[in-house]
Amino acid sequence: MRFLLTFITCFISGYISGQDVLNEYIKYGLENNLALKQKESDYSKSLEALREARGLFYPDISFQARYTLSNGGRVIEFPVGDLLNPVYMTLNQLTSSQMFPMLSNQEILFLRPHEQETKLRLVQPVINTDIYYNSKISRELTIFRESDVNQYRRELRAEISKAYYNVVMAGDVYQMLIETRNLLLENIRVNRKLIENGKATPDYLYRSQAELAGFEQELSNADKNRTVARAYFNFLLNKPLDDTITVWEADVFPSLSAASAEYTKSAIENREELKKLESYVNIARFKESMEKSGKIPDMYLAVDYGIQGTEYRFNRDEDYVQASALLTWNLFKGFSNRSKIRQAEIDREMANRQLEEAAKQIELQVLSTMNELFTAEKGITAAESRLKNATEGFRLVSRKYEEGQATQIEFIDSRTTMTQAGVNLIVSRFNYLSAFAEFEKVAAICKQE
């Protein structure tokens, strides 16, 4: 019983130094959690998409080469002989000479048998609103992914903390039940001694043995809870499920040091959910602007430099330079642009309403978790008083029972009350720590690694 009292009063001693152990586990989990790595990969992918979108502002330079072999195809007939031969015959007659030879009609192939074109092409966008707004949207998507990663990091930090507290709590409950089992064994020994001295009947022994058998089942369930808690904690850290866990004990509890308004302000300023919705609002706004900019024409500059001809020859007679300005202006698309603009406006309005609603929900979360924390704190005080009274009651009943002045039912009832009070105090204290971890997450006051 003395061990039980010492255990209950000291099972969470050294919170500040022990917190370093938990912080190391949190750091490890943030570095190795598989789900977090997936979200970080999504963020890296969004960064590359942003670089891709920004690259569209730069000129596109390409090398293009074409060499063509042709046979057949259309023929252009040019009757040069029919047109000029009569004139040449007259001139020959007038001059009594053959100065003007007869010409044959010509057939010109539309496709030349050999042809090549090799060039460098540079295309530079001058006016393109789609490129501009798509880069803006890509930037907001990157911010969205970054906020998503930070949100999961914050949630993972809280989940690791609560899982760790659950591991320590399950271990402490199990250890306390082990000590309680020793009390039951001692009770069996005392009953045997009382029977030997003729102060008790055998039914006392049978009842105490039955109590021990029932308690073994409770102890087995506690051991199962301890194993499951350890496995889940290691799962979050991406460690072997049966890996050893360093536990700490603390008697100093963290407490709130500011008014609720300060924590609400912190949550509104730092919660990643709101930052994600703000990015969504900006994306909707950029989409709306992009649809409205459809009235603006697109303009490109293109410059070609290369060589053309039937064969590859690099000289001034074969090379060429060509510059072009390309303008595209959609003047009418069946009123579809008007509908797209209205859809974008509705999306923006919906995003703003979602942002406003989320802010109110976060305020409610802060208030709710703060009240739960205060309730958990009061629960510790009540649990300590309950255990103190139950322990003192068991001490008195145990002494009377050993002297044969108390019934076995009184002894079992007193022991059960003390055990339940001890478990309740352990659970109450770790419930407070878990509630504080949840409050840190909701109020966004925990430091991001």
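In this predicted model, strand β4 (residues 114-127) is joined to β1 by 10 bridges, and the two run antiparallel. Strands here are DSSP runs of E with at least two residues, and helices are runs of H or I with at least four, numbered from the N terminus. Two strands pair if DSSP finds at least two bridges between them. Within this pairing, Asp60 has Val123 in β4 as its bridge partner. The open sheet comprises 4 strands in the order β1-β4-β5-β6, with antiparallel pairing. At its edges stand β1 (60-69) and β6 (319-328), each with a single partner strand, so one side of each has no neighbour in the sheet.

Turning to charged pairs, the structure holds 23 salt bridges. A salt bridge is a side-chain nitrogen of Lys or Arg within 4 Å of a carboxyl oxygen of Asp or Glu. One of them joins Asp148 and Lys39, with the closest N and O atoms 3.3 Å apart. This pair links distant parts of the chain, as Asp148 lies in helix α5 (residues 129-196) and Lys39 in helix α3 (residues 34-55), 109 residues apart. Asp148 is buried, at 14% relative accessibility, whereas Lys39 is partly exposed, at 24%. Buried means under 20% relative accessible area, exposed over 50%, and partly exposed in between (1.4 Å probe, protein chains only).

Residues are numbered from 1 along each chain as its sequence is written, and side-chain values use heavy atoms, leaving out hydrogens and water. Because the model is predicted, local features need pLDDT of at least 70 and side-chain atom pairs count only at pLDDT 80 or more, while totals for chains, interfaces and linings use all residues.
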